Amino acid sequence: MSIQHPPKPIKPALIDESTANLHALVIGINEYEHATKLRGAVADAILINDYLKYDLRVPETQIITLIDEEASRKNIIQAFLNLKSNQAIRRGDAILIFYAGHGDEHKPPTGWEAGGSNSKIQSIVPHNFNSTTGHEVHVIPDRTIGALIDEIMYEKGDNITVILDCCHSGSGTRNDDPTRLARTAQLEGYEIPLHLDEDIWLPTSLGRGTQPAKGFARTGLCSHVLLAACSAEELARENSGQGQFTAALIKLFKITPPHQLTYHQALQRIEDIVGQNPQCEGDNRNRIIFSAKAADPNAVFYEVDMKSNGTYCLKAGSAHGISIGAEFTIYADKTALSTASHLAVMVAQRIYAFETILIMSPHQPQLMLDKAVLALQTKAGFAEQLNLYVALDESLMLVFEALLEQINGAGANPRRINLVQDRSIASMEIVREGDELGLIILDQRVRHYGMFRMPHRVRLDLQDVLRVLRAAAHYYYHLNRSQLNKYLQKKVEVQFTQLEISETEFDEFGRQLNVPIGPNLLVEDMISLEVDEDNIYGIKIINNTAWDLYPNVFYFDNSDMSITSYSFQTGGPGKFKTDAPLRKDGGILTLGIGSGGARPFSYFLPPDQDVDVGFLKIFLCTAPTDLSGVPQDSPFHDFRGTVLRDEEPIKTWGSILIPIVQRRKKDAQYKD
């Protein structure tokens with residue numbers, strides 16, 4: 001198969017909130033020609049339509065509504081295409097796609113497999129679905145929907161929200177409950193044809209399948225945020241002629257306007273829904289709803305409530321980086337947090353995996369709580385240390401001034417720096433080099449492979465030095481923190497392989513699969529690469545434990561102290577159960593490989609550097625854990641800031657740390 005078209009560049013979506021428009025496609029289907037009729041899907045579509053028109057004041061001309069017979073297969077697909085071609089939609093404008101109706105899942109045709117041998121293809125069911133031989137009107141599978149959304153994203157940007165109030169809007173199978181009408185078509189015996197909608201997804205894969213690793217940055221769930229009515233093994237139900245999820249979501253929006261919420265926060269605040277745990281998926285789930293603007297990444301706060309025995313319980317623990325002695329400022333709610341009107345200061349006394357017991361700081365009266373409050377960490381705990389060596393030299397007085405400010409400083413999540421007199425126990429040394437400061441790497445895990453210093457220098461400026469110190473403390477803290485868990489380390493297998501782009505295999509979004517070539521490069525607990533900027537790599541994680549796991553994968557770069565997320569963030573605990581990305585007893589998660597949902601990785605060396613050492617760190621938790629505060633940009637870049645009765649599940653976490661040593665080929669020349 002030859003590649004006929006070059007890939008199109010993907011531009012980031014920019015938005016001016018004061019002038020941004022919202023455009024919507026709203027679909028609701030009660031009447032089906034060859035499937036069980038529903039009662040509340042049309043009411044949901046009308047509810048969404050009215051909310052857009054009367055509450056958000058969206059002009060009617062910017063809303064496409066397809067009800068019952070209008071929602072034929074042809075019309076639905078054409079409506080997606082119209083969003084792409086609509087000249088009135090500017091790049092960065094908010095686009096909402098809402099669907100209420102039947103969903104279904106099917107065994108994938110040969111060549112459509114994604115996610116393992118038991119994978120399923122999810123679909124929405126159009127009004128005129130018909131499986132009768134000679135009169136076939138097929139479902140619209142997620143492969144087709146993914147390709148259509150990607151086309152919209154390439155033209156209009158990634159400010160796209162998809163809301164699905166149907167069954168199988170997550171993944172997997174669901175059990176039936178006859179007490180309430182469920183939105184699952186149960187199309188027994190129906191099979192998706194191998195070449196269904198090839199005219200939609202095949203041109204997309206041909207046109208964009210040859211992009212280098214960096215070109216995968218806005219694909220799959222990078223293109224949109226998905227709010228789904230329920231988790232994998234549940235049914236999306238109607239109650240009193242309305243979809244339970246849609247009704248609860250609109251109720252929330254009328255109480256708290258969308259511009260005050262991120263997508264993730266919306267699911268934390270939505271009222272309980274019997275039998276349903278709504279899901280939020282997408283790399284941009286921390287954006288403000290219907291906005292391309294992300295929430296403040298430094299505003300990491302946790303809930304605190306009072307237990308029946310009078311103790312204060314923080315909903316975060318050692319897996320979140322909390323340590324003994326950490327101080328938290330307590331606020332009644334987000335409004336109080338934004339105005340800095342606090343209730344008290346508390347200190348971490350006892351740490352568990354996902355909870356922390358707090359006590360009042362000295363000389364403060366007891367605080368009675370009748371509801372949950374918010375806590376913002378404002379002082380680091382005792383375990384949060386960067387061991388730093390600085391010689392007692394007058395020429396380094398600026399460094400000591402910066403250290404004093406950092407050690408005594410407050411703010412969101414400060415890290416402690418331990419100034420040591422013994423150079424052998426330090427991780428880093430700061431030295432004077434002319435009119436600048438140099439950074440010597442003392443970490444033996446890095447020096448062992450021949451990397452002894454960072455290829456950056458720091459100006460003799462207090463704020464520049466302070467910024468580097470804070471970044472270094474944050475970097476080494478997250479690099480070093482761990483919990484001994486031999487079971488996890490023994491039972492979780494990691495494979496790191498070079499990839500090539502297949503010309504014959506495609507994922508569910510219609511792009512060519514990235515398939516492994518060659519052996520596992522993780523040998524004796526390390527990865528060694530001869531750098532070729534054209535090579536791409538991927539990771540496969542195999543879970544052989546008895547626990548469902550929520551992994552977070554990061555790359556720690558010792559050259560510039562940046563921390564990059566290699567995987568989607570699983571988010572923290574909320575009101576609803578979140579599907580585990582890495583299932584127990586042989587579950588597989590792929591990053592960059594096949595259709596794993598993350599872009600592949602590539603590596604490069606600057607022209608004056610022949611070796612680089614980074615660390616691949618995999619956090620493995622048995623519960624959803626918000627690690628959005630871990631990634632950071634390099635402090636050397638030009639910026640001024642830095643993410644039967646059911647058994648009680650085991651609550652634990654662990655991590656795997658893998659060095660990645662990159663060396664220049666002996667005969668290689670630097671390429672511009």
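This note comments on salt bridges and on one helix pair in a predicted model.

1. Residues are numbered from 1 along each chain as its sequence is written, and side-chain values use heavy atoms, with hydrogens and water left out. Because the model is predicted, local features need pLDDT of at least 70 and side-chain atom pairs count only at pLDDT 80 or more, whereas totals for chains, interfaces and linings use all residues.

2. The model has 16 salt bridges, where the term stands for a side-chain nitrogen of Lys or Arg within 4 Å of a carboxyl oxygen of Asp or Glu. One of them pairs Lys53 with Glu60, with 3.8 Å between the closest N and O atoms. Glu60 is exposed at a relative accessible area of 56%; here buried means under 20% relative accessible area, exposed over 50%, and partly exposed in between, with a 1.4 Å probe and protein chains only.

3. Glu433 and Arg457 form a salt bridge whose closest N and O atoms are 2.7 Å apart. Since Glu433 belongs to strand S20 (residues 428-433) and Arg457 to strand S22 (residues 453-459), the pair ties together parts that are 24 residues apart in sequence. Helices (H or I, at least four residues) and strands (E, at least two) are DSSP runs, numbered from the N terminus. Glu433 is partly exposed at 22% relative accessibility, and Arg457 is likewise partly exposed, with a relative accessible area of 47%.

4. Within helix H10 (residues 462-480), Arg467 and Asp464 lie three residues apart, about one turn of the helix, and they form a salt bridge with closest N and O atoms at 3.2 Å. Arg467 counts as buried at 18% relative accessibility, as does Asp464 at 5%. Elsewhere, shared partners join the salt bridges of Glu433, Arg453 and Arg457 into one network.

5. Helix H2 (residues 73-85) and helix H3 (residues 142-156) have axes that come within 8 Å and cross at roughly 15°. Axes are lines fitted to C-alpha atoms, for helices over the stretch in contact, and angles run from 0 to 180 degrees between N-to-C directions. H2 is therefore roughly parallel to H3, a description that applies to angles under 35 degrees.

6. The contact between these helices (heavy atoms within 4.5 Å) involves Ile77, Phe80, Leu81, Leu83 and Lys84 of H2, and Ile145, Leu148, Ile149, Glu151, Ile152, Glu155 and Lys156 of H3. By class, the contact of H2 with H3 has eight nonpolar, no polar and four charged residues; Ala, Val, Leu, Ile, Met, Phe, Trp, Tyr, Cys and Pro count as nonpolar, Asp, Glu, Lys and Arg as charged, and the others, Gly among them, as polar.

How values were computed:
Parallel < 35°, antiparallel > 145°, perpendicular 65-115°, else oblique.
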